[in-house]
Every structure is written in C-alpha cells, then in structure tokens.
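Hi,

Here is the structure I promised to pass on. Have a look at it first, and then read my notes below.

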Amino acid sequence: EELADIEMESQKAREQAEQRKREAEARQKALAAAMKDEADAMAEAAAADARARQMAAQIGEFTRAIDRKVKSAWRLPPNTRHGMMTEMRITILPGGEVASVLVTKSSGSSALDASAQEAVRRASPLPVPSDPVLFREQFKVLTLKLKSEE
C-alpha cells in the first residue's frame, strides 16, 4: 500500500511537471507571438513614416516648382513697393492647367493683385504630381503667396 501511495505521488508529480512544462511552453508561445506582433507593428509604423516623409518631400518639391514657375512669369507693375504681398487661391485641373485664380488677401494694390493673377495664368500648366490622390489632397486647390520683394 505504501508503494502504491509512492507510485501515486510520483505519478502526480510527473503530471504536475508535465502541466508546468505545457504552461511554460504556452507562455513562451504567447511571448513569441507578442514580440512578433510588436515587431510587425514597428515595421508597419516605420513604413508609414517613410511614406509620410516621401509624400512631404513630393509636396515640397511640387510646391517649390509651382512657386518658381509663377514667379518667373510675374511682371511687377511700375512703382511697386517692396514687401507687398498678394495671397491667391488657385484651382488646378489634373493636368496642371489653372481653372481659376482668386485673390484671397489683397496687397492693397489692384495693379499688383492683377499682375499676380496674370502671372499664375501665364504659368499654366503648373507642375503637379501624377499621383491622383496626392494631387487631389494637396494641389487641386492651392494657396499661393507672392511678395513684391521676391
């Protein structure tokens, strides 16, 4: 009977050891899965960050190109004072053609405002991205400021 009790205790100990082993393996698997999920999330965040940086670079590149093209077409009226600024809202079609240009903040000089609007029209078509989403979100309607000292 004592032998049977020892055998039973031994069996219980083996079962408990096996149970602890299964639990440890399950914890290890859960930890590995959590680490993989975290690594995947970090990789996804890094990719999204890279896409955002690339998009920001493209936006800056096209904005500067539009600014340069319009400024090269701008003819200041005579007797224009330095520091005058005209702000315009430009509606652009997907190919870069200017659909409309509206002065949203006048320089105080109708001649300067008109010359700025004319510069935008002369610069058409404007350089715009071929990516339809980027164009629609950033360039379909664009605010442009022209300063007389530039």
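This is a predicted model: local features need pLDDT of at least 70, side-chain atom pairs count only at pLDDT 80 or more; totals for chains, interfaces and linings use all residues.

One definition before the rest: a residue is called buried under 20% relative accessible area, exposed over 50%, and partly exposed in between, using a 1.4 Å probe and protein chains only. By that scale R81, at 57% relative accessibility, counts as exposed.

Residues are numbered from 1 along each chain as its sequence is written, and side-chain values use heavy atoms, with hydrogens and water left out.

When I say helix or strand, I mean DSSP runs numbered from the N terminus (H or I and at least four residues for helices, E and at least two for strands).

Now to the helix pair I looked at. Helix α1 covers residues 2–73 and helix α3 covers residues 132–139; their axes come within 11 Å and cross at roughly 65°. Those axes are lines fitted to C-alpha atoms, for helices over the stretch in contact, and angles run from 0 to 180 degrees between N-to-C directions. The crossing of α1 past α3 is right-handed, meaning that the near helix is turned clockwise from the far one by less than a right angle.

Which residues meet there? On the α1 side they are M55, Q58, I59, F62, T63 and I66, and on the α3 side L134, Q138 and F139. Contact here stands for heavy atoms within 4.5 Å. Sorted by type, the residues of this contact are six nonpolar, three polar and no charged. For that sorting, Ala, Val, Leu, Ile, Met, Phe, Trp, Tyr, Cys and Pro are nonpolar, Asp, Glu, Lys and Arg are charged, and the others, Gly among them, are polar.

Staying with α3, its buried residues are L134, F135 and F139. They sit on the same side of α3 because they cover an arc of only 100° around the axis, the arc being that of the directions from the helix axis to the C-beta atoms. These buried residues pack against α1, β1 (85–92) and β3 (141–147). On the other side of α3 you will find P132, R136 and E137 exposed. At the start of α3, a side-chain oxygen of D131 comes to within 2.9 Å of the backbone nitrogen of V133.

- S115 is in helix α2 (residues 110–123) and is buried, with a relative accessible area of 10%. Leaving aside neighbours within four places in sequence, S115 touches W74, R75 and P77.
- The peptide bond from S124 to P125 is cis, with omega near 0°, and P125 is in the loop between α2 and α3.
- N79 lies in the loop between α1 and β1 and has a phi near 60°, a positive value in a residue other than glycine. N79 is exposed, at 81% relative accessible area.
- R81 is also placed in the loop between α1 and β1. R81 and S109 are 28 residues apart in sequence and 9.8 Å apart in space, C-alpha to C-alpha.
- K29, in helix α1, is exposed with a relative accessible area of 64%.

Cheers

Notes
A polar contact is a pair of N or O atoms within 3.5 Å; within protein, one must be able to donate a hydrogen and the other to accept it, and residues adjacent in sequence count only if both atoms are side-chain atoms.
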